[in-house]
Amino acid sequence: MYQSKVEELRGLISKGTVLQDEHLHKYTKTALGGAADLFVMPQTIEECQAVVKYAFENDIPLLLLGNGSNMVVRDGGVRGIVLHLAKLNAIEVKGTDIYAEAGAHLIDVSKMAATHSLTGFEFACGIPGSIGGGMMMNAGAYGGEMKDIVVSVQVLTKSGELLTLTKDELQLGYRTSIIQTEGYYVMSALFSLEVGVQAEIDEKVADLTHQRESKQPLEYPSAGSVFKRPPGHFAGKLIQDSGLQGKGFGGAEVSTKHAGFIVNKNNATATDYVNTIRMVREEVKRRYGIELELEVRIVGEE
């Protein structure tokens, strides 16, 4: 269907990669997902802009994929273009500011900050996402959020217009932002940190890393924390108290280590994973009358 588009896209990006029918399980933290009709991996913001404009002008659906940590891709794959930002991963330190492109890993940016004795980014030392995904959902952990440190974010609109949004314009809330509501594509972000005491930074990173490794099921593929925190409750506690740990469909199950995680324990399909999510939501709603909202995105076709 898109064979003619492959060469046109290759003409737009000189350094990047264009593939057809590329399986997405290789690029997601759940190790799940069918194929993308067109898979494009650009190397510059200019190449991203060209692809977004091309998709808009040719009415081709486009999905941005960063680190694949907060996304479940269905078994039927994704129609149109998947724009994978793995190569857009530059990180630069200028004084107490850090500039990072959308595909840079949050963990790597946190490490870079620590290396330069900058404090404020320690909370992200274990978040397995990218800067783009982190900004889109205002990622947070251990009392810190992206909104605490961000200065501005460079985004592309759906038509390919490049904008710079200030912190206030980003409308950052609990796991939400204008990036999400307007369907913008993050290209880069600028953060402002403070000079810290190296020993204190190292100690905090070590402590948070220990907490993560001891409490989270890192030995299995997963999409991380599946559900948002309901007001006045903790999703993991509600799921645990519902007796759902160890239960699931096919090769997917609610983690016995942390009930807020659903793991791909034994060659699960995306259908197994989505059915397990549905089971959890239904049981928590039945027992407690609480509707768990998804923190992960489910994309693609059955």
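Two strands pair if DSSP finds at least two bridges between them. Helices (H or I, at least four residues) and strands (E, at least two) are DSSP runs numbered from the N terminus.

The model is predicted: local features need pLDDT of at least 70, side-chain atom pairs count only at pLDDT 80 or more, and totals for chains, interfaces and linings use all residues. Residues are numbered from 1 along each chain as its sequence is written, and side-chain values use heavy atoms, without hydrogens and water.

**Exercise 1.** Determine the strand order of the open four-stranded sheet and its edge strands.

*Solution.* The order is E1-E2-E5-E3, with mixed pairing. Strand E1 (17-23) and strand E3 (62-65) each pair on one side only and are the edges. On average, neighbouring strands are turned by 30 degrees against each other, direction ignored.

**Exercise 2.** State in which sense E2 and E5 pair.

*Solution.* Strand E2 (residues 35-41) and strand E5 (residues 78-84) pair in the parallel sense, over four bridges. Phe-39 stands opposite Val-82 in E5.

**Exercise 3.** Describe the span, burial and end of helix H8.

*Solution.* Helix H8 (residues 270-288) has 19 residues and reaches 27 Å from first to last C-alpha, close to the 27 Å expected (1.5 Å times one less than the number of residues). Its buried residues (under 20% relative accessible area, 1.4 Å probe, protein chains only) include Ala-270, Tyr-273, Ile-277 and Val-284. Gly-289 follows H8, with a positive phi near 70 degrees.

Key: Buried means under 20% relative accessible area, exposed over 50%, partly exposed in between (1.4 Å probe, protein chains only). Axes are lines fitted to C-alpha atoms, for helices over the stretch in contact, and angles run from 0 to 180 degrees between N-to-C directions.
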